[in-house]
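Hi,

Here is the structure I promised to pass on.

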Amino acid sequence: MLRISRQIMDYRGRTPKKLGMDWGGGDIPALSAGNVKMGYVDFDAECYFGSEALYSRWMTRGDIAKDDILFTTEAPLGNVALIPDDRKYILSQRTILLQINKERASSRFILQMLLSDGFQRILEDYSSGSTAKGIQRKKFEQLSIAIPPLPEQRAIASALSDVDALLTSLDSLIAKKRDLKQAAMQQLLTGQTRLPGFEGDWAVRRLGDIAPLQRGFDLPNPNLRSGPYPVVYSNGVLNHHASYQVEGPGVVTGRSGTIGKVTYVEGAYWPHNTALWVTNFKNNNPRFVFYLYSHIDFGRFATGSGVPTLNRNDVHSFTVAIPATNEEQTAIAAVLSDMDAELTVLEARREKTRLLKQGMMQELLTGKTRLITPEPADA
């Protein structure tokens with residue numbers, strides 16, 4: 001790392017109090033490990049702000065510049081991101097900064113190299129600590145990576161950055177679609193917005209009269225036999241079994257441990273004893289019930305501090321307004337199902353793109369595939 005770095009900044013352990021000062025009094029962000037994610041700086045994460053006076057006392061080895069590399073040395077270990085702009089920053093806890101020698105290496109290439117599975121495995125081998133893994137500065141400086149000539153580094157970084165931009169775009173689109181779905185659920189499941197062709201008052205009913213819940217069935221791990229039927233636990237489908245207990249469709253929610261997650265199952269299934277399952281939809285649309293129960297947030301009914309447990313009696317006595325006709329329930333469920341289907345397609349595309357980048361990194365960062373033909377050695 002020393003050969004490709006112009007300098008490595010390391011102010012771990014430095015605090016305002018050690019400098020006879022305090023946080024505040026300015027708008028200069030202090031970036032710590034909490035702000036450094038895999039590939040980007042998270043400005044929504046909590047951080048302190050410092051004054052110009054604190055900055056001048058703290059950043060004694062010079063300014064941080066755009067495209068310098070942030071690296072977390074512990075809790076978490078190995079998160080890497082580029083400085084995104086030319087603002088002033090204070091380098092804070094559990095984070096070091098690499099300023100790359102531009103005559104030897106490209107910051108954007110080195111970022112991709114440090115993000116790679118190969119480097120992360122090397123980092124794990126050189127780390128220490130049983131609970132919170134970390135790496136000593138001296139060991140970090142001794143780590144070696146193989147790099148191609150500078151023009152090829154830039155070409156590789158450009159290719160991988162293009163895929164990163166696509167992933168970022170997909171993440172943004174998925175987040176937007178999720179927000180739209182949440183807004184649609186709020187409007188449609190409360191009657192604030194009615195679909196065309198439907199009118200009239202909704203009926204106020206107890207959840208126990210809409211779709212009552214019952215505890216699932218014991219299934220110890222030694223008794224599991226591989227098969228086609230999903231086993232639905234408190235946090236979703238985690239196994240498949242050779243037999244089932246309930247015909248589908250089914251709606252299942254967590255009884256203990258994970259409270260609030262609701263799972264929809266199309267076919268026959270086994271509701272685990274950590275879950276509660278709908279025993280009777282009472283002529284209500286099952287998918288509507290799934291969306292309704294997802295929207296209610298059963299976490300509000302959890303009791304117990306150690307392992308939260310859902311009291312189904314409290315759930316059953318809770319009242320909500322629902323469409324009086326199965327036709328309106330079905331129409332609402334269809335709208336929300338279409339939104340879910342669109343999200344599923346986008347998430348599959350995002351996963352496919354992620355795997356594409358992973359494959360590109362394996363090829364390009366190891367030299368298996370070259371973007372620029374290496375010049376022949378002198379005779």
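Predicted model: local features only at pLDDT ≥ 70, side-chain atom pairs only at ≥ 80, totals over all residues.

Let me start with a strand pair: valine 251 stands opposite tyrosine 264 in S13. The two strands involved, S12 and S13, run antiparallel and are joined by four bridges. (Two strands pair if DSSP finds at least two bridges between them; helices are DSSP runs of H or I with at least four residues, strands are runs of E with at least two, and both are numbered from the N terminus.)

Residues are numbered from 1 along each chain as its sequence is written, and side-chain values use heavy atoms, with hydrogens and water left out.

Back to strand S13 (residues 262-265), which is covered on both faces: Val262 and Tyr264 are buried on one side, Thr263 and Val265 on the other. Buried here means under 20% relative accessible area, exposed means over 50%, and partly exposed is in between (1.4 Å probe, protein chains only).

Proline 249 sits in the loop between strand S11 (236-241) and strand S12 (250-254). With a relative accessible area of 29%, proline 249 is partly exposed. Not counting residues up to four places away in sequence, proline 249 touches Tyr264, Val265, Glu266, Phe281 and Pro286, where contact means heavy atoms within 4.5 Å. Proline 249 and alanine 268 are 19 residues apart in sequence, yet their C-alpha atoms are 7.0 Å apart in space.

At the start of H7, a side-chain oxygen of asparagine 285 comes within 3.0 Å of the backbone nitrogen of arginine 287. This is a polar contact, meaning a pair of N or O atoms within 3.5 Å; within protein, one must be able to donate a hydrogen and the other to accept it, and residues adjacent in sequence count only if both atoms are side-chain atoms. After H7 comes aspartate 297, with a positive phi near 70 degrees.

How do H5 and H7 cross, and at roughly what angle? The axes of helix H5 (residues 150-188) and helix H7 (residues 286-296) come within 10 Å and cross at roughly 100 degrees. That makes H5 roughly perpendicular to H7. For the cut-offs, angles under 35 degrees count as roughly parallel, over 145 as roughly antiparallel, 65 to 115 as roughly perpendicular and the rest as oblique. Axes are lines fitted to C-alpha atoms, for helices over the stretch in contact, and angles run from 0 to 180 degrees between N-to-C directions. Lys181, Met185 and Gln186 of H5 meet Tyr291, Ser294 and His295 of H7.

**The open sheet and the helices on it**

Four strands make an open, antiparallel sheet in the order S1-S7-S4-S5. Strand S1 (5-10) and strand S5 (77-82) are the edges, each pairing on one side only. Ignoring direction, neighbouring strands of this sheet are turned by 20 degrees against each other on average. S1 pairs with strand S7 (residues 95-100) over five bridges, in the antiparallel sense, and methionine 9 has leucine 97 in S7 as its bridge partner.

Helix H2 (residues 107-115) lies across strand S4 (69-73), S5 and S7, at about 155 degrees to S5. Helix H3 (residues 117-126) packs on the sheet too, touching S4 and S5, and its direction makes about 140 degrees with that of S5.

Serine 107, in helix H2, is buried with a relative accessible area of 13%. Leaving aside neighbours within four places in sequence, serine 107 contacts Asp67, Ile69, Leu82 and Ile100.

Serine 116 lies in the loop between H2 and H3 and counts as buried at 8% relative accessibility. Its side chain reaches the backbone oxygen of methionine 113 at 2.6 Å. Serine 116 also touches Met361 and Leu365, again not counting residues up to four places away in sequence.

That's what I have for now.

Cheers
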